[in-house]
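Q: I'm new to this one. Could you take me through a single part of it, up close?

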Amino acid sequence: MADYKAPLRDMRFVLNEVFEVAKLWAELPALAEVVDVDTASAILEEAGKVTGGVIAPLNRSGDEEGCQWKDGAVSTPAGFPEAYKTYAEGGWVGVGGDPVFGGMGMPKVISAQVEEMVNAANLSFGLYPMLTAGACLSINAHASEELKEKYLPNMYAGVWAGSMCLTEPHAGTDLGIIRTKAEPQADGSYKITGTKIFITGGEHDLTENIIHLVLAKLPDAPAGPKGISLFLVPKVMVNADGSLGENNALSCGSIEHKMGIKGSATCVMNFDGATGYIVDAPNKGLAAMFTMMNYERLGVGIQGLASGERSYQSAVEYARERIQSRAPTGPVAKDKAADPIIVHPDVRRMLLTMKAANEGGRAFSTYVAMQLDTAKYSEDPVVRKRAEELVALLTPVAKAFLTDLGLETTVHGQQVFGGHGFIREWGQEQLVRDVRITQIYEGTNGIQALDLVGRKVVASGGAFYKHFADEIKAFVGGASAELAEFTGPLKAAVANLDELTAWVLDRAKNNPNEIGAASVEYLHVFGYTAYAYMWALMARSALGKEGQDDFYASKLGTARFYFARLLPRIHSLSASVKAGSESLYLLDAAQF
């Protein structure tokens with residue numbers, strides 16, 4: 001596998017030329033004095049060095065060794081503890097953390113690029129700081145000042161890690177039926193009892209303590225999701241002076257043996273009357289959890305993008321070097337026995353599909369990150385409300401579409417290698433195995449599609465959708481004539497999505513099955529249309545510069561490929577949506 005090189009040039013292009021993020025930062029007082037273009041560039045340069053030089057070399061060895069469980073203790077693969085220490089000492093765990101408690105305070109638009117780098121370098125490794133950052137978000141937003149002061153500094157510093165304990169053996173998507181109990185104690189703490197499964201980083205040897213956020217129900221809790229509370233449960237109790245005390249009454253019962261991400265410890269966690277502290281108010285656990293969900297779900301989407309980027313880098317290098325057959329138009333490498341496979345149309349189709357998906361995904365994930373920053377930091381309530389609604393609308397698209405394309409992209413990369421793509425030593429088969437989980441965890445992609453159509457489009461009467469559609473239409477209306485080759489098909493794609501949205505809204509009034517029947521294909525139509533907007537924005541920034549730099553010529557060529565070969569997928573997907581739900585119910589359960 002090719003050495004991983006962070007795509008810093010493309011990141012800077014997206015941040016500085018396409019979205020001009022410095023203008024957004026200048027408009028947000030909380031960020032204006034914290035970050036500028038030079039600071040951001042320096043952070044990304046350093047992140048590229050540590051991810052490419054320290055973390056990426058552990059990817060294959062970590063997959064082959066995996067995590068090991070023995071008597072309740074979990075050891076991560078060789079090199080992981082040392083690499084994690086280096087990563088933590090660089091401040092990377094707390095890159096987006098609150099500066100009051102020792103975080104770097106960077107906006108999401110910057111931490112999103114760091115997330116891409118660490119996950120492209122080593123997805124299994126990247127999960128540990130990701131879960132810690134997610135736990136910190138919920139603690140910082142909802143916990144008492146006492147809990148924040150006691151736990152956040154060491155978590156941001158990477159001295160302690162975090163986990164999110166949601167799923168139970170019988171309760172995955174339907175968290176309202178969890179059985180984990182929380183019993184109030186006289187001193188204000190709670191005793192937590194229950195079993196959680198699929199807990200990423202629930203136990204490991206990277207840090208001296210792990211701070212678990214656990215969903216549980218109080219004795220008098222209402223039934224269903226409204227009765228869920230959130231508790232902070234440390235692996236090792238923390239004394240009043242901040243030192244570590246006795247082990248808490250919890251343990252790792254086992255780790256899962258998985259298809260991929262084998263360097264990430266996926267744990268069964270048993271809480272046997274463990275001491276915990278409530279985060280926020282009783283029965284407000286889901287609200288506290290969803291504070292981090294928009295960030296985490298974007299983060300999972302970025303994992304799909306990251307896997308695709310790693311696969312693309314290897315596939316391009318291989319396609320330039322592997323010689324097989326002659327080009328259809330005649331010999332290209334006349335001094336060799338055959339031409340490099342990059343001359344063949346089908347190889348180019350796969351590579352361009354990968355490139356278009358990755359670069360479109362990077363722009364889209366950055367766009368969503370900008371909305372998160374606006375929602376968090378804007379002092380204008382109207383601007384903040386619009387950004388919040390855009391985040392709500394786009395988060396399920398970011399999670400599901402980026403990861404669906406992540407799998408397609410890694411499979412293309414494997415296919416470029418031919419038989420060598422199926423062999424472990426080349427690394428492509430690992431990427432296919434690793435990325436597959438991203439379509440499943442943090443809410444399966446089918447659930448994301450239901451969320452998009454049911455909760456965000458239908459439930460808002462199309463109001464959330466209108467924000468995004470109107471923005472694209474304003475861009476198209478104000479674009480110069482030289483951009484017409486991109487804005488023309490973009491305008492048609494938005495008109496198609498408008499029509500499809502209206503169709504779903506109308507059909508959902510009378511048939512509740514229509515939302516679920518339409519949801520996955522609708523999300524994909526939405527995703528391809530959103531990427532078309534991203535590619536039109538990138539084309540605008542590249543036009544006129546193609547003669548100066550191959551980077552811009554490559555960008556425009558990829559944009560033209562996207563509009564010619566990938567955007568047309570919306571037509572078959574739209575036809576599937578409009579076929580309705582009837583054909584899904586022609587068979588009885590026994591007939592399957």
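A: Let's look at one helix pair and the core around it. This is a predicted model, where local features need pLDDT of at least 70, side-chain atom pairs count only at pLDDT 80 or more, and totals for chains, interfaces and linings use all residues. Residues are numbered from 1 along each chain as its sequence is written, and side-chain values use heavy atoms, with hydrogens and water left out.

Start with helix α11 (residues 345-377) and helix α17 (residues 513-542), whose axes come within 9 Å and cross at roughly 90 degrees. So α11 is roughly perpendicular to α17 (that label covers 65 to 115 degrees). Axes here are lines fitted to C-alpha atoms, for helices over the stretch in contact, with angles from 0 to 180 degrees between N-to-C directions. Helices are DSSP runs of H or I, at least four residues, numbered from the N terminus. On the α11 side, the residues making the contact (heavy atoms within 4.5 Å) include A363, F364 and Y367, and on the α17 side they include A530, Y531 and M534.

Now zoom in on F364. Leaving aside neighbours within four places in sequence, F364 is in contact with L394, V397, A398, L402, A530, Y531 and M534. F364 is also one of the residues that touch the most other members of the largest nonpolar core, which has 142 residues. Such a core is a set of buried Ala, Val, Leu, Ile, Met, Phe, Trp, Tyr and Cys residues joined through side-chain atoms within 4.5 Å, where buried means under 20% relative accessible area with a 1.4 Å probe, protein chains only. Helix α17 gives this core its largest share, 18 residues.

Key: Helices (H or I, at least four residues) and strands (E, at least two) are DSSP runs, numbered from the N terminus. Angles under 35 degrees count as roughly parallel, over 145 as roughly antiparallel, 65 to 115 as roughly perpendicular and the rest as oblique. Buried means under 20% relative accessible area, exposed over 50%, partly exposed in between (1.4 Å probe, protein chains only).
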